[in-house]
Amino acid sequence: MDNLETSIQFQNVSYQRNETIILNNVSGDIYKGKITALVGPSGAGKTTLLKLCNGLISPTNGDILVEHKHITDFEPTSLRRQVGIVLQNAPIIRGSVFENLALPLKLQKKNLSKDEATAMLTTVGLEDSFLNRDASDLSGGQKQKLAIARTLINRPKILLMDEITSALDPISTNEIEQLIVNIKEKYGVTIVWITHNIEQAKELGDFIWVMMKGQLIESGDHSIFSSTRNIKVQQFFEGKI
């Protein structure tokens, strides 16, 4: 699209596990600094596509470019610092909130200062009094905020999110949604967000990818919700698939 820079490019990407084709010839662009919502029925291949983006798995066929660089040209740990991922049930390590925040730098043999940790908590809407709390005592919404903050410690250019609000109550969901919009605006980060919530995709997605049976059926900007002529996509938006 005009005046938009690509952040991730998929070129005829397929992924097969044993005899099962999970992704079939997916091509498309994820745009820099925008939120792309991935929607589609369960088993459509959305999570597999996300895992391909930061090298957790490798495509059977096709090419993936991240920031105009072929994904195989990245050193794996460097790629994962640049392309962060937050999961529905983000793993929280035993220990304090600070120890969780410090983990990404600790793995690089670096230290996280208390000031940096406090600033990151503020970014995700948690008070600095949380720093010394046991992370296991946090609520579901607070744990998700901590997981997002921990991912942001590496200052990723791309943030991948897999159903991160599906287990949260409506108030926590709203807080996380607003937080992600704020992060996009503050850091200019590219966000790829898997959601089963069509209203969430409508409200937050700058671009929408509709996936079914391992294929990218349709993609486009927000107008896709009213302009699609694909019967299957219409039925999915209406909750009939």
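This is a conversation about a predicted model and the terms used to describe it.

Colleague: Why is K145 called buried?

Modeller: Buried means under 20% relative accessible area, exposed means over 50%, and partly exposed lies in between (1.4 Å probe, protein chains only). K145 has a relative accessible area of 10%, so K145 counts as buried. K145 belongs to helix α5, residues 140-152; helices (H or I, at least four residues) and strands (E, at least two) are DSSP runs, numbered from the N terminus.

Colleague: What makes the pair K145 and E175 a polar contact?

Modeller: A polar contact is a pair of N or O atoms within 3.5 Å; within protein, one must be able to donate a hydrogen and the other to accept it, and residues adjacent in sequence count only if both atoms are side-chain atoms. The side chains of K145 and E175 are joined at 3.0 Å. Contact in general means heavy atoms within 4.5 Å. Leaving aside neighbours within four places in sequence, K145 is in contact with V124, G125, L126, E175, I176 and L179.

Colleague: How do you know that the buried residues of α4 line one face?

Modeller: In helix α4 (residues 114-123) the buried residues are A117, M120, L121 and T123. Seen down the axis of α4, they fall within an arc of 155°, so they line one face of the helix; the arc is that of the directions from the helix axis to the C-beta atoms. The face turned away from that buried side carries the exposed residues D115 and T122. The buried residues of α4 pack against α3 (97-106), α5 and α6.

Colleague: Why are α3 and α4 called roughly perpendicular?

Modeller: Axes are lines fitted to C-alpha atoms, for helices over the stretch in contact, and angles run from 0 to 180 degrees between N-to-C directions. Angles under 35 degrees count as roughly parallel, over 145 as roughly antiparallel, 65 to 115 as roughly perpendicular and the rest as oblique. The axes of α3 and α4 come within 10 Å and cross at roughly 100°, and the two helices are therefore roughly perpendicular to each other. V97, F98 and L101 of α3 and K114, A117 and L121 of α4 make the contact.

Colleague: What makes β6 and β10 edge strands?

Modeller: Two strands pair if DSSP finds at least two bridges between them. The six strands form an open sheet of mixed pairing, in the order β6-β7-β8-β3-β9-β10. β6 (83-86) and β10 (215-221) each have a single partner strand, so one side of each is left without a neighbour in the sheet.

Colleague: How do you know that β7 pairs with both β6 and β8?

Modeller: Four bridges join β6 to β7, which run parallel, and five bridges join β7 to β8 in the parallel sense. L160 illustrates both pairings: I85 stands opposite L160, and V192 is the bridge partner of L160 in β8.

Colleague: What makes β7 mostly covered?

Modeller: Five of the five residues of β7 are buried. I158, L160 and D162 point one way, while L159 and M161 point the other way. Helix α5 lies across β6 and β7 (158-162).

Methods
Residues numbered from 1 in each chain as written. Predicted model: local features only at pLDDT ≥ 70, side-chain atom pairs only at ≥ 80, totals over all residues. Heavy atoms only, no water.
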